[in-house]
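Open the model in your viewer and keep the sequence beside it. This tour tells you what to select next and what is there.

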Amino acid sequence: MKINPAAELSRRWSALWKALVLWREKHVSEKTFVVFLSLLVGIFAGFAAVILKWLINAISTMLTSHIAIDEGSYLYLVYPMVGILITMLYVKYVVRDNISHGVTKVLYAISQNKSRLKPHNMYTSLVASSITIGFGGSVGAEGPIVYTGAAIGSNLGQAFRMSPRVLMIMVGCGAAAGIAGIFKAPIAGMLFTLEVLMLDLTTVSVMPLLISSITAAVVSYCYTGYDAEFFFAQSEGFVTGRIPFAVLLGIFCGLISLYFTKVMNMMENLFSRISNPWIKVAFGGSVLASLIFVFPPLYGEGYHSILRLLSGDVMGILDGSMFYNDRGQVWFLLLFVGLIILTKAFATSATNGAGGVGGTFAPSLYVGAMSGFFFAYLINHLFGLDLSTKNFALMGMAGVMSGVMHAPLMGIFLTAELTGGYSLFLPLLISSTISYGTIKLFLPYSIYAMRLAQRGELLTHHKDKAVLTLLKIDSVIETEFKTVSPEMSLKEMVEVISQSNRNLFPVLDASGKLLGIVLLDEIRNIMFRPDLYRRMHVVEFMSSPPAMIEIGESMEAVMKRFDDTGAWNLPVVEHGRYVGFVSKSKIFNSYRRVLRHYSED
């Protein structure tokens, strides 16, 4: 019999890996091995970040290096359309899975899918987002790298058969490493996991998160240099007299964050109503290409424009546009920047809605820098002041990032690590905190968490809510109840009772629809009267349940139903058809088990 060499090699490798896993389980404790895994996750996610940055830069440079800066180019009408079309075809026919909204997918995996991500997520987002952004898609690479890093952590953990609690930490480590690697910002990477992914900071999680973040940042430093991502040389100190303006900027950034989030959601709802992918590409690509043709700074991540603002080259953002010759006009520049702030959200949502793959990190940083510059430039020319546009652009980055992501600490440290602007820490704190407080008045959740929160599927720092989110209604349904029909006589009912060890009986029709329930305590006074056995039927003594639970409801909603009714058992139905019962005692037992597992240090 001829042996297939490939199959034999696969079999031997599988046996070797199984032996390695068994050896690890026997000789290396879980706590020790988590540290080793976090190091591996940091290395792999760091390399993934370096590769993604290189791919985006290579594609973008190849396409745009020959475009003249002193006039508009019609190539801006072509490149975005081509990039989105290639990405859509790649996702539809090669990946065959939805890989958009990377951070939201990671949040969903943590709260609903036991922190399990598919193996292809370790590379497919890299390919798709590099094409999208390199060809001009007005999105960021940070969402895809978070998805990639989280998938690396999840799959490494699964390969070594780690528990769901450790898998959650590994997903957080991968996400933190992705941010740390793409931005060379290890502190921001860890804070992203704590504030955006909402993982608890415990003695078990803090060390792996730090190791992954630092390792990924080191890998990025080794391959891309030790300079900050954005060069920023502070030429003017921040004095206490500027604090009121920092407060006003924080409010302004909070309102801009609210606008950005609302437009993104509105456009996402619009694209969700378009079922034909070709129409999505045509519509979204046309919107994106038109906006980039009029406003070339919207091309790609927009980091070149941020660098120009931070270096003081204010008029440089008009390069490559049809308005190049209007560089000296102050009010035209204000109008140009203001329109960029307003249209960036449309360009970003059109990119993703049309089939592109990218995140909202870079757009929020971009809008923040533009907003901070716009604010200072406008104040200076209205009131004859000399606010530093560079400083306020930096503060705007922290402000809008904090508002859009609902992550003030990450916004502060990310901005400082990106630019080296630690000397502006106080104004960064002010603008970031005020922006976060402003948007919190209108929106309780970040742009990532909003979709899951609306469905009750969001894991939060609130311990009770987090545990209830991890609990699934399917896991607490009891089905061993004896069912009865409304036509049954009392005699038949008594026979069913004699065969059951429960005191509750669902009443179903022929199709399985729940009509009511029979409680043993309510018929105890008639069940020992033989004279009523044939005269009374179930339909006469059954009662309606105090409430019914629809399959798929969140556990938080289920517990509220128990609190409102005071019931101890409630029926579960699926479109009216009986499924089983849920009891308080079963939920409490499951709650204690999950809480003990979730909180274990």
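The stops below go from the whole chain to single residues.

**Before you start**

This is a predicted model: local features need pLDDT of at least 70, side-chain atom pairs count only at pLDDT 80 or more, and totals for chains, interfaces and linings use all residues. Residues are numbered from 1 along each chain as its sequence is written, and side-chain values use heavy atoms, with hydrogens and water left out.

**Stop 1: the whole protein**

Show everything as a cartoon. The protein has 24 helices and six strands. Helices (H or I, at least four residues) and strands (E, at least two) are DSSP runs, numbered from the N terminus. Along the principal axes, the C-alpha atoms fill a box of roughly 105 × 70 × 50 Å.

How many of the 601 residues count as buried? The share is 56%. Buried means under 20% relative accessible area, exposed means over 50%, and partly exposed lies in between (1.4 Å probe, protein chains only).

Now think about contacts, meaning heavy atoms within 4.5 Å. Of the protein's contacts with a separation of 6 or more, 76% link residues 24 or more positions apart.

**Stop 2: the nonpolar cores**

Select F183, F192, F361 and M410. In the largest nonpolar core, of 142 residues, these four touch the most other members. A nonpolar core is a set of buried Ala, Val, Leu, Ile, Met, Phe, Trp, Tyr and Cys residues joined through side-chain atoms within 4.5 Å. Helix α14 gives this core its largest share, 13 residues. A second, separate core has 19 residues, among them M493, F505, V507 and M536. In soluble globular proteins, nonpolar side chains tend to be buried together.

Zoom in on F361. Neighbours within four places in sequence aside, its contacts include E142, I179, F183, F192 and M410. M401, M405, L414 and Y448 are also among the contacts of F361.

**Stop 3: T360**

Is T360 buried or exposed? It is buried, with a relative accessible area of 7%. Beyond its neighbours within four places in sequence, T360 is in contact with F260, M264, T348, M405, I447 and Y448.

**Stop 4: I187**

Move to helix α8 (residues 186-195) and pick I187. At 38% relative accessibility, I187 counts as partly exposed. It touches F413 and E417, not counting residues up to four places away in sequence. Then draw a distance from I187 to T343. Their C-alpha atoms are 31 Å apart, and 156 residues separate them along the chain.

**Stop 5: the sheet**

Select β1, β6, β5 and β4. They form an open sheet of four strands in the order β1-β6-β5-β4, with mixed pairing. Two strands pair if DSSP finds at least two bridges between them. Why is one side of β1 and of β4 (549-550) left without a neighbour in the sheet? Both stand at the edges, each with a single partner strand, so one side stays without a neighbour.

Colour β6 (residues 577-583). This strand is mostly covered: five of its seven residues are buried. Strand β1 (residues 477-478) runs antiparallel to β6, joined by two bridges. I477 has V582 in β6 as its bridge partner. Strand β5 (residues 569-574) is also antiparallel to β6, with six bridges. Here V572 stands opposite G580.

**Stop 6: two positive phi angles**

Stay between β5 and β6. The two strands form a hairpin with two residues between them. H575 sits in this loop. Its phi is near 55 degrees, a positive value in a residue other than glycine. H575 is exposed, with a relative accessible area of 73%.

End at R96, in the loop between α3 (79-95) and α4 (102-112). R96 is not a glycine, yet has a positive phi of about 60 degrees. R96 is exposed, with a relative accessible area of 68%.
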